[in-house]
Amino acid sequence: MKIRRTHRQLLILFVLFSLLAVVAFKSFAESGGDKSPAPAIRVTPPAPVIDDNERLAELASRRSRVAEKIGPNGVLVLFSTEPRVYTNDVDYEYRQENNLFYLTNLRQKGATLVLIPGNAQMREVLFLPHRDPAAETWTGHMYSPEEAKAVSGISEIWEAKEFEPFMRALRLRQGYRPKSEAIFMSASAAPPSEPTGATGTKPPTGFENLFTAMGKDEATLYLLLPREDDSREYKQEQNFAAQWAKSATGFNVRNAAPIFARMRLIKSPYELKLLQHAIDITTEAHERAMAVAGRSQWEYEVESEIVYTYKRRNADHWGYPDIVGCGPNATTLHYEENQARVKPGDLMLMDVGAEYGHYTADVTRTFPVNGKFTKEQAEIYQIVYDAQEEVAKATKPGAVFPTDVHNAGAEKIKEGLLRLGLITDKNSDQYRIWFMHGTSHWLGMNVHDVGGRGVKLEPGMVFTNEPGIYIRADALDNLPKTPENEKFIAAVRPAFEKYKNIGVRIEDDLLVTQNGAVWLTKDLPRSIADIEAFMARAPKEVTISALDLPWSESGILPTRIFWNKFFRA
Ligand SMILES: [Mn+2]
């Protein structure tokens, strides 16, 4: 009896206490609601607002700087990218040629820009296709001349089909002026194309100086003519140059690419606004993907958050195909299948970048699917992280790119690999087995942007900081069977077995400043502690739809999976 009563009293006490605790917790949680920390996932800020005057001033300044480089005896021709066939009558999404876009911001197919700096009457002409109502009905709006002028600031606009006769006349050292219906818009006086007056004297056309230069073989036609090994994109320029060489005298044909490469190396504040927005979209995309990785079964499910974020934030496109690889797939540098299993104990490597306003981000994170690095994963990760820090420290005006920054990062990688037992000699090339690419490339309108090597860093330049370590399972087997290698393999085998299939790359985008570097990607968690803290908080901020039915491998069409399994294994 006595015992029971004590029990009852205890029970009542317990219930009372529990109620108290619930009330206390509830009020604590509610009061905490006001001071709750900001969400872990950073929402992309609004797109930069660029007013018309700012854009037109920027474009005009770019054109005048290019004109200065071309000089009074030069003519520059920039063609639009030709549409590329996806299949039959379906094209790939159209993307304007970078340099034409850089000078005009026009996305119109079939437009051609000609700069003639020596012609004071007409320094620039835009050749624009005639609007075609039938084409517009099917495939959408074409620029009217007024719109093309409003976008680009160019006010001499002729019909596209006048380009050939114009260039033919130039070769023959004749001024050319189309019939008035083919002149959409003109700011210049209109000298007729035919001699006038009884004497047959020609009125000035503005081309006199150029024709004089042609007479002395001193005129230059500039086209985008990249080197042979880098020329997949510029076939129409190559054909045009070949034809021109056959039919024109007085002109040297020169490659305009280095002029643009040099200019595009230094990003203006205007360009940096666009690039930062591409990076901000990419940051949100990374964070959403990280937030769902722990609940995903397949790599493409994780990638879907990237694709979703790009669309939702109105990115133009990706700047390069998404790389989303789990476990061993992280050791393939450009793994693009994104079709394999996501496993909780593995690292996931995502190298993705949105493009906005023709500028692309290039950002890589490697993180544990289940939110916690293992000891081995953390050891590799920390080396790559430290290498990144060294790259940033070596970034300052005057440093030689990419050698100085690469060497700074590679030194840390070598030290780390030696410490873990993955190499035996720090002063050799052994580290290249595990780190097989450079730390850095230029970034801008291309993911691997123009600018070349051996360049001294200057404020305004942007490049990637992306060291990596990849312990590929087949790396040792693929070494040539020399006695020296056998010795190396025996020495590193224990460490190799320990770290096998771990792939880590961390990639950030750096802006060179007067004093060093700004990390344009600083909002995306990068340190081990920050990533683990993020992974603990972020998942509850992204709900996964109940419609996400679990897929089974057998239910997938034997397309890419099949290909991977049987041909690329
Ligand atoms: Mn990169």
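Glu-379, Ile-383, Asp-386, Ala-387, Gln-388, Glu-390, Val-391, Lys-393 and Ala-394 of helix H12 meet a set of residues in H13, namely Asp-404, Val-405, Ala-408, Gly-409, Glu-411, Lys-412, Ile-413, Gly-416 and Leu-420. Contact here is a matter of C-beta atoms, placed from the backbone, lying within 7 Å of each other. By class, this contact of H12 with H13 divides into 8 nonpolar, 3 polar and 7 charged residues. Nonpolar covers Ala, Val, Leu, Ile, Met, Phe, Trp, Tyr, Cys and Pro, charged covers Asp, Glu, Lys and Arg, and polar covers the others, Gly among them. The model is a predicted one, in which local features need pLDDT of at least 70 and side-chain atom pairs count only at pLDDT 80 or more, while totals for chains, interfaces and linings use all residues. Residue numbers start from 1 along each chain as its sequence is written.

Two packed helices are described by the angle between their axes and the distance between the axes. The axes of H12 (residues 375–394) and H13 come within 8 Å and cross at roughly 155 degrees, which makes H12 roughly antiparallel to H13. Axes are lines fitted to C-alpha atoms, for helices over the stretch in contact, with angles running from 0 to 180 degrees between N-to-C directions. Angles over 145 degrees count as roughly antiparallel, under 35 as roughly parallel, 65 to 115 as roughly perpendicular and the rest as oblique. H12 passes H13 in a right-handed crossing, a label used if the near helix is turned clockwise from the far one by less than a right angle, and left-handed if anticlockwise.

The peptide bond from Phe-401 to Pro-402 is cis, with omega near 0 degrees, and Pro-402 itself lies in the loop between strand S16 (400–401) and helix H13 (403–420).

Helix H10 (residues 269–293) packs against helix H11 (residues 299–312) at an angle of about 150 degrees, with their axes 8 Å apart, so H10 is roughly antiparallel to H11. The crossing of H10 past H11 is right-handed. On the H10 side, Ile-281, Glu-284, Ala-285, Arg-288, Ala-289, Val-292 and Ala-293 take part, and they meet Glu-301, Val-302, Glu-305, Ile-306, Thr-309 and Tyr-310 of H11. This contact of H10 with H11 has 8 nonpolar, 1 polar and 4 charged residues.

An α-helix has 3.6 residues a turn, so residues three or four places apart point the same way. A residue is buried if 20 or more other C-beta atoms lie within 10 Å of its own, exposed if 12 or fewer, and partly exposed in between.

Elsewhere, Ile-116 is found in the loop between S4 and strand S5 (124–128). With 24 C-beta neighbours inside 10 Å, Ile-116 counts as buried. Beyond its neighbours within four places in sequence, Ile-116 is in contact with Val-75, Met-122, Arg-123 and Leu-210. The C-alpha atoms of Ile-116 and Leu-221 are separated by 9.8 Å, although the two are 105 residues apart along the chain. Thr-212, in helix H7 (residues 208–215), is partly exposed, with 15 C-beta neighbours inside 10 Å. Its C-alpha atom is separated by 8.9 Å from that of Asn-73, 139 residues away along the chain.

Two loop residues other than glycine have positive phi. Asn-105, with phi of about 60 degrees, lies between helix H3 (98–104) and strand S4 (112–115) and is partly exposed, with 19 other C-beta atoms within 10 Å. Asp-217, with phi near 60 degrees, is in the loop between H7 and strand S8 (219–223) and is exposed, with 10 other C-beta atoms within 10 Å.

Over the whole protein chain there are 16 helices and 22 strands. Helices (H or I, at least four residues) and strands (E, at least two) are DSSP runs, numbered from the N terminus. Of the 569 residues, 38% count as buried.

Terms used: Contact = placed C-beta atoms within 7 Å.
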